[in-house]
Amino acid sequence: MNYVERIIELLEEEYKVFERVLNLSNEKTKYIVENNLSGIIEILNQEKKEAETISKLEEERQKILDALVKEKNKAISNLNDLAFIVTPDEWQKINDLKEKLGEIIFKLKKANDLNASLVSSALEYIDFMTNVISSYFSDTTTYQKDGQGSYQKKNLFDVKL
């Protein structure tokens with residue numbers, strides 16, 4: 001297998017990993033909505049493994065690009081630079097994979113933005129409830145002219161029956 005074929009193979013593997021990460025992210029959304037902390041932790045651990053896989057694939061791809069630089073004696077810093085040294089069929093495959101990777105990364109970004117928004121909303125709700133509950137237990141003693149204190153009873157919820 002030559003260098004270009006291996007790069008194409010690595011890009012295909014990366015795409016599969018990103019598909020798995022997108023599925024995990026969508027599953028994480030479900031767990032966030034359900035407030036399933038153990039499910040979220042499990043997903044985070046799986047995402048960490050997938051991120052390590054992507055990192056290894058990227059390292060290997062960079063090593064192959066470096067080997068191509070030495071072999072072809074041309075500057076190759078990214079996939080676009082391969083256009084000048086590959087066949088039209090190979091370039092088409094690389095370009096198609098680049099496009100697919102871009103699309104799935106965009107979907108992944110949207111899913112992550114949604115998850116971040118859901119977590120942020122949950123944290124705001126927790127903060128609000130903490131403030132409501134803590135204000136209920138705050139001291140509301142008012143002192144009179146004679147030095148005696150009067151205590152006001154607070155209700156947690158303002159309800160009229």
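## Overall architecture

The protein contains three helices and two strands, and along the sequence these elements follow the pattern α-α-α-β-β. The model is a predicted one, and every value below is computed from it. Of the 161 residues, 27% count as buried, while the accessible surface comes to about 11800 Å², with carbon and sulfur atoms supplying 53% of it. Among contacts with a separation of 6 or more, 58% are between residues 24 or more positions apart.

Helix H2 covers residues 37-72. At 1.5 Å a residue, its 36 residues should span 52 Å, and the distance of 52 Å between its end C-alpha atoms agrees with that expectation. Just after H2, Asn 73 takes a positive phi of about 55°.

Leaving aside residues up to four places away in sequence, Glu 47 touches Val 21, Leu 24, Ser 25 and Lys 28. Because Lys 28 lies in helix H1 and Glu 47 in helix H2, the pair ties together parts that are 19 residues apart in sequence. Lys 28 also counts as buried, at 11% relative accessibility.

## Salt bridges within helices

The structure holds nine salt bridges. In one of them, the side chains of Glu 9 and Arg 6 meet at 2.1 Å, N to O; these residues are three apart in helix H1, and so are separated by about one helical turn. Glu 9 is partly exposed at 28% relative accessible area, whereas Arg 6, at 18%, counts as buried. Both belong to a network of salt bridges that also links Glu 13 and Glu 60.

In helix H2, Glu 58 forms a salt bridge with Arg 61, with the closest N and O atoms 2.6 Å apart, and this pair is likewise three residues, or about one helical turn, apart. Glu 58 is partly exposed at 30%, while Arg 61 is buried at 13%.

## A nonpolar surface patch

Val 119, Leu 123, Tyr 125, Ile 126 and Phe 128 make a nonpolar surface patch of about 520 Å². Leu 123 is found in helix H3, which runs over residues 88-136, and counts as exposed at 54% relative accessibility.

Notes
Residues are numbered from 1 along each chain as its sequence is written. This is a predicted model: local features need pLDDT of at least 70, side-chain atom pairs count only at pLDDT 80 or more; totals for chains, interfaces and linings use all residues. Side-chain values use heavy atoms; hydrogens and water are left out. Helices (H or I, at least four residues) and strands (E, at least two) are DSSP runs, numbered from the N terminus. Contact means heavy atoms within 4.5 Å. Patches are made of residues with over 30% relative accessible area and no salt bridge: like charges are joined within 9 Å, nonpolar side chains (Val, Leu, Ile, Met, Phe, Trp, Tyr) within 5 Å. Accessible areas come from the Shrake-Rupley method with a 1.4 Å probe; for residues, only the protein chains shown count as cover. A salt bridge is a side-chain nitrogen of Lys or Arg within 4 Å of a carboxyl oxygen of Asp or Glu. Buried means under 20% relative accessible area, exposed over 50%, partly exposed in between (1.4 Å probe, protein chains only). The expected span of a helix is 1.5 Å times one less than its number of residues.
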